[in-house]
Structure formats: C-alpha cells, structure tokens
Amino acid sequence: MKSVVIVGANFAGLSAASQLASTIDVKVIDSQANFEWTPNIHEILSGVKQETSVFLERPKIVARLGHQFIQKPVLQIDPEEQRITLADNSRLAFDACLLAPGLSRNNHGVSGAEEYAENFRTAQDVTRIRSKVEALCRSGKAFSVTVVGGGFTGIEALGELLRRYRKNSRMSIRVIERDSRLLAGQPAVIAEDITRLCQPFNVDIRCGVGLKQVTRSSIVLDTGEKLESDLTIWTAGTKIPEFVRNSGLQLDAGEMVEVQENLQTRAFSNVFAAGDVAGFSPALSKQAYHALDMGSIAGRNINRYLKNQPMRSFVPADKPIALAFGDLNTYLIQQQTVFASPLLATAKEAVYQLYMTQLSRSLPLQDIGGGLLNRAFGSMRNLLIPEVSRLKILDVLRRSKVLQWGGLDDIEAFSRAMLITATR
Ligand SMILES: Cc1cc2nc3c(=O)[nH]c(=O)nc-3n(C[C@H](O)[C@H](O)[C@H](O)COP(=O)(O)OP(=O)(O)OC[C@H]3O[C@@H](n4cnc5c(N)ncnc54)[C@H](O)[C@@H]3O)c2cc1C
C-alpha cells in the first residue's frame, strides 16, 4: 500500500485529505487538535464569536475521511530519504508528502517582539488578547493598545477593537505601519475610508515608521521615539516555518516553497506544497479560498502521481476579497473595484457558515446538528440583529457605496466567482 503524509490539517491539508483515495495509507499530521476558521478569528476580540465557534475537531473529520490523524508537531522533513520526523523523534516514511503547514510569525528582527508582542494567528491567541484587554478595562486606568502592522489582519483587529471598545474613553489605540499607507497593495480608497472612519475615536495611525524595540509597557520606533503601550499586538508579517526552510526544498523570490503548476515542488517530485506556504507563479494573495482550492488539486494530483498518471494544473480562481472593519464597514475588493457596506459583513458571515457546514459534513451527525445551530444562532445574535434592531438601517444604507469603480472586467470576474461558489 502506498503511503502519503500530509503536514498541516487546516484549509489546504484537510481539503487534500478529502481527495485522497481510501486505497492509500494517509497520515494527516497537525500539532493542534482543532481545525480553525482563521478568517473569522478577529471577531473573538469583540466577542462576536467565541473560540469554539471557529473550531471543528480534526480527529473526527480525518477519521470520517478514512485516514489517520496524528496530533504532533513535525520537526523535520527529509525529501531525499522520503521521511518526516515528529517531535517525539518518531519517523514516518512516505511515497508522497503534502506540505500544508501555513506560515509562522515574522518578527523582522525587532528586539523584544517575541517576548512582549502578542501573536494574532490563532483563535487561542485572540482569546488571550481579549482577556488582556478586558483586564486593562477593569483596572480603571487609562491604557494604550498598539497594533503593529496595518495590513489585513491588523485592520481587522483594529475594527474589532473599535466595535467593542470605541466608547471606552480610557482606551487609546495606535497602529504602526512601516509602509507609507495602510493596506499597501490594495486600492488606496480603502485606507482612506478606514482613516476617515477612525477620526472620531481615540486612534493614532502612524504610517511610514518602523519599530526598533518592544518592551512590556512600551514600543520604540526607528526614530528613537518611545511610546507607552500596555498591550502590543503583532500582525506585522509572516514567513515559512523553520522546518520547511531547513528541508532543502527550493524557495522562490518571495521565500515560499516554489511549486510547479501541478503543485509539485521544484526540487522533489514526491513532495507537493499547497496553501500559504506554496510559492505559486504568479504570486497569489494568502487567502483561505486559494488554500482550499490548492489542497483539492494537490490531493487529486497525489493520487495520479502514485499511479503514474498525468497530473492537472492548478488554476487560481479570481475571487473577490472581503475585508471586515468591525461594525463600521466591510469592503469587497475585486481587483480595482471596491464595494463598501456594513451589510457586506453578512456576506462574509455567509461564506463562513457555508464552508463550516461543508466541512461539518465529515463529522458524526450529533456534532453537525449542535455545531450548526450554535454557530447560526450566535452569528444572528451578534452580527445581524444589532444592525437591524437598533434602527440603524438608514445609516447602514447611507454608508453603502461603490468606493472605486475598476471597470466591467472586474464585474465580470466577480459575477463568475459568485456563480462558481453558488453552484459548487
Ligand atoms: C487573523 C487572520 C485573518 C484572516 N482573514 C482572512 C480572510 O478574511 N479571508 C481569507 O481568505 N483568508 C484570511 N486569512 C488567511 C487564511 O487564514 C490563510 O490563507 C489560510 O489559513 C491558509 O491555509 P493553510 O491551510 O495554508 O494554512 P493554515 O490555515 O495556517 O494551517 C496550517 C496548519 O499547519 C499546522 N502546522 C504548522 N506547522 C506545523 C508543524 N511543524 N507540525 C504540525 N503541524 C503544523 C498548523 O497547526 C495549522 O493547523 C486570515 C489569516 C489570519 C491569521
């Protein structure tokens, strides 16, 4: 029997596992027990979601798929010897391997960042940050929170802080971004709109400045300026995990694992990579939907590779990106066209509900029922009802607009993406 090892069991890894034939011995490895719906973890910060509402149990999902789940960190992958080493030093041999471990935090060499700046990558991280903010609120003193990084994650974190705490006059928030503006790489109108929405609140946005040091209660900028920071949240970048870097696999110019069109790595035909860790050409934004689609193609191609059949190419879908800014606005971005409306939050929520339900299908029946009801009810109560019940509907409509029009090509691509999602 051929053996396949999948490293990482989130979007890309689980999607691949669902495609692998039952005639193959498949081992799915992840250091954590639960699948996490990462695109919504920022909502834990405001209490719109609980840690458990973004979870599904991996051992149950993987068992339903007919494969074996191993909950251990992977320490090493040796493509030439065709084996991986786990944290307990046990080894697993493979005929083919899929790397889907996502990315890890990048401190960019800033002193004290690892010790004092809070990670914002998992539901557990965000739950911990929320407890710290709540403790600062209870202290009764004025306090400041710094978000380092004004990219997608930083902005979504800022939005949730404002959703929950914008009326707390003792709290001040600062955003530090090295680039000359927020959300570099996205249409500038979004950064402008966010800056405008922040104006009534105690938010200090500083772009074009780097960070030199983080301490327990302060940050030091490149300029030498020292600023108080009772809580520093790190959303300033990612990199491939160390065990991948040390594996001898070829990296691309962006320092991701270079893959061919069929998602086979360049250096070793028996190793595939999918999701955030994969360096596809042209470079893709690090999005969950790309990870899901890549995982699915990688899984099918591994079946074909093991049977010496021709493999298929991964063709990235041109889908819109949704960026939530708490209850103040949500942006739907299709290339250069940007729609903005607080009501789009429900579209992002619908995607979450849809995929969680699809993934739940791999769970035993009793888990599907309870999980679905809790998720749907929690979301209704926390996201949809506040918008409607406070008679804010006119205000919401006033804030709904096309922020930027990029042309008919964007609308065509958007309609195509919606059609594909709806008919899946
Ligand atoms: C705060 C935040 C908000 C986001 N918002 C959005 C959004 O709105 N829309 C969107 O499309 N995308 C969003 N993303 C990006 C999206 O989450 C990623 O693109 C997606 O998770 C990538 O999937 P993946 O399977 O490649 O990796 P991941 O989801 O990161 O999964 C990697 C898995 O590998 C495991 N792993 C890692 N190293 C090891 C090891 N050594 N041993 C064993 N297991 C290991 C991890 O535990 C994890 O389960 C967001 C990400 C974050 C952090």
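Two strands are taken as paired if DSSP finds at least two bridges between them. By that rule, β15, β16 and β17 of this predicted model form an open three-stranded sheet in the order β15-β16-β17, with antiparallel pairing. β15 (211-214) and β17 (226-228) are the edge strands, each with a single partner, so one side of each has no neighbour in the sheet. On average, neighbouring strands here are turned by 25° against each other, direction ignored. β15 pairs with β16 (residues 218-221) over three bridges, and V214 has I219 in β16 as its bridge partner.

**Overall composition**

The chain contains twelve helices and 26 strands. Of its 424 residues, 39% are buried. Among contacts between residues at least 6 apart in sequence, 66% join residues at least 24 apart.

**Parallel sheet**

Another open sheet consists of five strands in the order β5-β2-β1-β9-β21, and its pairing is parallel. The edges are β5 (68-71) and β21 (271-273); each has a single partner strand, so one side of each is left without a neighbour in the sheet. Neighbouring strands of this sheet are turned by 20° against each other on average, direction ignored. Helix α8 (residues 288-306) packs on the sheet and touches β1 (3-7), β9 (96-99) and β21, with its direction at about 165° to that of β9. Strand β2 (residues 25-30) runs parallel to β5 and is joined to it by four bridges; V28 has F69 in β5 as its bridge partner.

Strand β24 (residues 329-334) is mostly covered, with five of its six residues buried. It pairs in the antiparallel sense with β23 (residues 321-325) and also with β25 (residues 337-340). A324 has T330 in β24 as its bridge partner, while L332 stands opposite F339 in β25.

| Hairpin | Bridges | Residues between the strands | Residue with positive phi |
|---|---|---|---|
| β23 and β24 | five | three | G326, near 55° |
| β24 and β25 | four | two | Q335, near 50° |

Nonpolar side chains tend to be buried together in soluble globular proteins. The largest nonpolar core here has 53 residues, and V148, I155, L158, L161, I233 and L323 have the most contacts inside it. Helix α5 (residues 152-165) supplies the largest share, seven residues. Domain 2 (113-234) and domain 3 (321-423) both give residues to this core, so it lies between them. Apart from it lies another core, of 50 residues, including V7, A273, A278 and F314.

Leaving aside residues up to four places away in sequence, V148 touches A117, I176, L211, T232, I233, W234, T235 and A236.

**Helix α6**

In helix α6 (residues 188-198), the buried residues are I190, A191, D193, I194 and C198. They cover an arc of only 160° around the axis, which puts them on the same side of α6. An α-helix has 3.6 residues a turn, so residues three or four places apart point the same way. The elements covering the buried residues of α6 include α5, β14 (203-207), β23, β24, β25 and β26 (401-404).

Methods. Residues are numbered from 1 along each chain as its sequence is written. This is a predicted model: local features need pLDDT of at least 70, side-chain atom pairs count only at pLDDT 80 or more; totals for chains, interfaces and linings use all residues. A nonpolar core is a set of buried Ala, Val, Leu, Ile, Met, Phe, Trp, Tyr and Cys residues joined through C-beta atoms within 7 Å. A residue is buried if 20 or more other C-beta atoms lie within 10 Å of its own, exposed if 12 or fewer, and partly exposed in between; C-beta atoms are placed from the backbone. Domain bounds come from an automatic or database domain assignment. Two residues are in contact if their C-beta atoms, placed from the backbone, lie within 7 Å. Axes are lines fitted to C-alpha atoms, for helices over the stretch in contact, and angles run from 0 to 180 degrees between N-to-C directions. The arc is that of the directions from the helix axis to the C-beta atoms.
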